[in-house]
Amino acid sequence: MIDHIQIAGVLDEAACSALCAEIRTANGRAAELLGRDGQKPAWPEIRKTRRATVSPATEALINAVLVEHKPALERHFGLALGQIEKPQFLHYREGDFFVPHQDGNTPLIHDESRFRKVSAVIFLNRQAEDPSSQTYAGGSLVLHGHYSGPELRVAMPALPGTLVAFRSETTHEVTPVTRNERFTVVSWYRGA
Ligand SMILES: O=C(O)CCC(=O)C(=O)O
Ligand SMILES: [Fe+2]
């Protein structure tokens, strides 16, 4: 079992569509590793995605959603959560991906990421194999089981408006997008 939680409907379909449109047209840049402002772009063999700069109102909307669902995550993971990191608004185009990685909370790495306890991803559009202008193919968020256990890979269903959260030390990846564009918002809850 890979500890995670899915909460459907944190944003409605209209809000998801509006967000996708805003991310697509907003200024953006190659996303970094760790998401630190001013950091040099990630090596393209590790992470390839565009990070958009959205309006303050949109950022406030997402912050409110992340705050609203914090108690459910605290109950699920049995953790007291504190600060929420600045959300990232991600736009994956064909060929974009993020190799298997951990977001933080690993005792081996002593950087900002050690404060991250729970990672959250909000899906903004739908993954589907049959072509439609509204959906994308590939681009699965796949959680990996702990290396010490049986080999386990669990793809998260990408439903617009669904929030998926997992412990930040969980290895996960985004497989390459093979058709169209994928939109997500990601953020991290730190320990209280
Ligand atoms: O876009 C996603 O589904 C996840 C991205 C991710 O793993 C990250 O930004 O650390
Ligand atoms: Fe991640």
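These are my notebook entries on what I looked up in the structure above.

**Ground rules**

I am working from a predicted model, in which local features need pLDDT of at least 70, side-chain atom pairs count only at pLDDT 80 or more, and totals for chains, interfaces and linings use all residues. Residues are numbered from 1 along each chain as its sequence is written, while chains are lettered from A and ligands numbered from 1 in the order in which they are written.

**Entry: the core**

I looked up the largest nonpolar core and found 35 residues in it, with Ala120, Val121, Ile122 and Leu124 having the most contacts inside it. A nonpolar core here is a set of buried Ala, Val, Leu, Ile, Met, Phe, Trp, Tyr and Cys residues joined through C-beta atoms within 7 Å. I took a residue as buried if 20 or more other C-beta atoms lie within 10 Å of its own, as exposed if 12 or fewer do, and as partly exposed in between, with C-beta atoms placed from the backbone. Two or more residues of this core come from each of helix H1 (13-25), helix H2 (56-68) and the strands E6 (88-92), E8 (116-123), E11 (141-144), E13 (163-167) and E16 (182-191). Helices (H or I, at least four residues) and strands (E, at least two) are DSSP runs, numbered from the N terminus.

I then followed Ile122, which, leaving aside its neighbours within four places in sequence, is in contact with Val10, Leu11, Leu163, Thr184 and Val185; contact requires C-beta atoms, placed from the backbone, within 7 Å.

**Entry: helix H1**

I checked the length of H1 and noted that its 13 residues should span 18 Å at 1.5 Å a residue, which agrees with end C-alpha atoms 19 Å apart; the expected span is 1.5 Å times one less than the number of residues. Cys16, Leu19 and Ile23 are buried in H1. Seen down the axis of H1, its buried residues fall within an arc of 65°, so they line one face of the helix; the arc is that of the directions from the helix axis to the C-beta atoms. On the other side of H1, I found Glu13, Ala14, Ala21 and Thr25 exposed. The buried residues of H1 pack against strand E4 (50-52), H2, E6 and E16.

**Entry: helix H2**

For H2, the 13 residues should span 18 Å at 1.5 Å a residue, and the end C-alpha atoms are 18 Å apart, which agrees. I listed Thr58, Ile62, Val65 and Leu66 as the buried residues of H2. They cover an arc of only 100° around the axis, which puts them on the same side of H2. The face of H2 turned away from its buried side carries the exposed residues Pro56, Ala57, Ala60, Ala64, Val67 and Glu68. I also noted that the buried residues of H2 pack against H1, helix H3 (70-77), E5, E8 and E16.

**Entry: two phenylalanines and an isoleucine**

Phe89 is found in strand E6 and is buried, with 25 other C-beta atoms within 10 Å. Not counting residues up to four places away in sequence, Phe89 touches Ile23, Arg51, Ala52, Val54 and Val185.

Phe115 lies in the loop between E7 and E8 and counts as partly exposed, with 16 C-beta neighbours inside 10 Å. I found Phe115 and Ala192 to be 77 residues apart in sequence and 9.3 Å apart in space, C-alpha to C-alpha.

Ile84, in strand E5 (residues 81-84), is partly exposed, with 17 other C-beta atoms within 10 Å. Leaving aside its neighbours within four places in sequence, Ile84 is in contact with Asn63, Leu66, Val67, Ser187 and Tyr189.

**Entry: ligand 1**

I listed the residues around ligand 1 as Leu90, Phe98, Asp103, Val121, Leu141, His172, Val174, Thr184 and Val186, each having its C-beta atom, placed from the backbone, within 6 Å of the ligand. Strand E14 (172-174) and E16 each supply at least two residues of this shell. The shell divides into six nonpolar, two polar and one charged, where Ala, Val, Leu, Ile, Met, Phe, Trp, Tyr, Cys and Pro count as nonpolar, Asp, Glu, Lys and Arg as charged, and the others, Gly among them, as polar.

**Entry: positive phi**

Asn105, in the loop between strand E7 (97-101) and E8, has a positive phi of about 60° although it is not a glycine. Asn180, in the loop between strand E15 (177-179) and E16, has a positive phi near 70°.
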